[in-house]
Amino acid sequence: DSRWYAEGADYGRLLLEDLKMRAYILKTLPQAAISKVVIDRPAKLCRVSIFAARPGVIIGKKGADIEKLRRTLGKMTTSDVSLNIVEIRKPEVDSKLVAQGIADQLERRIAFRRAMKRAVQSAMRTTPILLCSVAAATARTGAGSAGSPAHRWRARRGRAALEDDLD
């Protein structure tokens, strides 16, 4: 998410800076469970807010890592950089973090049904939400399946208030 306004050649330059900063943050801090990076640009200042489930990983011991990150981001942009780390209190409800957790489990060869059921149960247990739904699709491989559609599986718990099926 970016919140700023620019005209002409500044727009392309600022957009490219935003994309580079966001890619750098997500690439260098995968273990911090980052949900989103918000970049505000009020008048010659670049305010970067990082929403993470584990802010301690970003900050580091005695704030050493956050200063290093601030210097690196400062080299990527012409504006003064201000960093703001925001902790996500309930990461099991954040959709991006749930999806990333399921993807990490799939990479470790855990059964996809078990990973999805666990994610749904964790979200339903920790917060009073009405409905939690997780969907996954895979392409089937093997002989004779060239024309077959993708295999879909969905894990749901709870009830919808007005409708039966929410997508």
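**Notebook: helix α4 and the cores**

I began with Gln105, which is buried at a relative accessible area of 18%; buried means under 20% relative accessible area, exposed over 50% and partly exposed in between, with a 1.4 Å probe and protein chains only. A note on what I am reading: this is a predicted model, where local features need pLDDT of at least 70, side-chain atom pairs count only at pLDDT 80 or more, and totals for chains, interfaces and linings use all residues. Residues are numbered from 1 along each chain as its sequence is written, and side-chain values use heavy atoms, with hydrogens and water left out.

**Entry: Gln105 and its helix.** I found Gln105 in helix α4. Helices (H or I, at least four residues) and strands (E, at least two) are DSSP runs, numbered from the N terminus. Leaving aside neighbours within four places in sequence, Gln105 is in contact with Ile110 and Ala115, where contact means heavy atoms within 4.5 Å.

**Entry: the length of α4.** How far apart are the end C-alpha atoms of α4? They are 18 Å apart, which agrees with the 18 Å that its 13 residues (95-107) should span at 1.5 Å a residue. The expected span is 1.5 Å times one less than the number of residues.

**Entry: which face is buried?** In α4, I listed Leu97, Val98, Ile102 and Gln105 as buried. Seen down the helix axis, the buried residues of α4 fall within an arc of 140 degrees, so they line one face; the arc is that of the directions from the axis to the C-beta atoms. What covers them includes β2 (34-40), α5 (112-126) and β5 (131-138).

**Entry: Lys96.** Lys96 also sits in α4, but at 39% relative accessibility it counts as partly exposed. Not counting residues up to four places away in sequence, Lys96 touches Ile34 and Ser35. I liked this one: Lys96 and Ile34 are 62 residues apart along the chain, yet their C-alpha atoms are separated by 8.7 Å.

**Entry: the cores.** I then looked up the largest nonpolar core, which has 18 residues; Ile25 and Ile34 are among those with the most contacts inside it. A nonpolar core is a set of buried Ala, Val, Leu, Ile, Met, Phe, Trp, Tyr and Cys residues joined through side-chain atoms within 4.5 Å. Its largest share, four residues, comes from β3. A second, separate core of 12 residues includes Val98, Val120, Val134 and Ala155. In soluble globular proteins, nonpolar side chains tend to be buried together.
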